[in-house]
Amino acid sequence: MLVLAFDTATPAVTAALHDGERVLAEHTTIDARRHGELLAPTIELVLAEARATLRDVTAVVAGSGPGPYTGLRVGLMTAQGLATTLGVPSYGVCTLDALAYGSGLTEPFLAATDARRKEVFWARYADLRTRLDGPAVDRPADVPADGLPVIGAGADLYRDVLEAKGHEAPPYPYAGSLAALAVERLATGAPLDPARPIYLRRPDAVVPGAPKKVLTPGESGRATA
């Protein structure tokens, strides 16, 4: 087994290789605007570090969000393209699940990432493996933190508004955790979703509607029959 995992749903462009027992290589760059430029070199870097090639990969796993539309689709389109080229399966894992898994928490908590527009993507967990609610997108004041620990960059941005307890945990979902979680689910027979995006709202960019007809001066006052 050699699982290639990566996530582009947050500012962290992150990739890792997992051999079924441990993470062989992992690399992360924090840059919210260059997902498309950084992902391929990051994949090449972890392959080189692990002394592997793409032909050695037996499965591809991508973070499926939620996340901003542009960054999220970079990872998922890459996963689908690689899986087709290599003839291997591709899977999607909720980005918040990877963030939760990387926290190591065994008590109830929330994971939150920045959704922009002064909102957060969030989910509630019983422990690092068990999601109870979400994913959802809300204003920080509307997130039901209920005094629980809240992890992730969303928590760091809106700690006072969430009125949540802090906890030492990675701010972003790193690919090593994403890969380890996917391998664990594969080993236990837990279902894995296909590599498809989790969209919780429409993208900022929309296709414009048909242009309105501009009436000429003669037409504007003409009565209809």
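What we have here is a predicted model, in which local features need pLDDT of at least 70 and side-chain atom pairs count only at pLDDT 80 or more, while totals for chains, interfaces and linings use all residues. Residues are numbered from 1 along each chain as its sequence is written, and side-chain values use heavy atoms, with hydrogens and water left out.

Let me begin with the sheet, whose strands, like the helices, are DSSP runs numbered from the N terminus (helices are H or I, at least four residues; strands are E, at least two). It is an open sheet of five strands in the order E3-E2-E1-E4-E5, with mixed pairing, where two strands pair if DSSP finds at least two bridges between them. The edge strands, each pairing on one side only, are E3 and E5, the latter covering 90–93. E1 and E2 pair in the antiparallel sense over five bridges, and Leu4 stands opposite Leu17 in E2.

Turning to the helix, H1 takes in residues 35–49, 15 residues in total. Which residues of H1 are buried? They are His35, Leu38, Leu39, Thr42, Ile43, Val46 and Leu47, buried meaning under 20% relative accessible area and exposed over 50%, with partly exposed in between (1.4 Å probe, protein chains only). Because they cover an arc of only 165° around the axis, they sit on the same side of H1, the arc being that of the directions from the helix axis to the C-beta atoms. Glu37, Glu44 and Ala48, on the other side, are exposed.

The buried residues pack against E1, E2, E3 and helix H2 (69–86), contact meaning heavy atoms within 4.5 Å. Finally, H1 is followed by Arg51, whose phi is positive, near 55°.

Conventions
Expected span 1.5 Å × (residues − 1).
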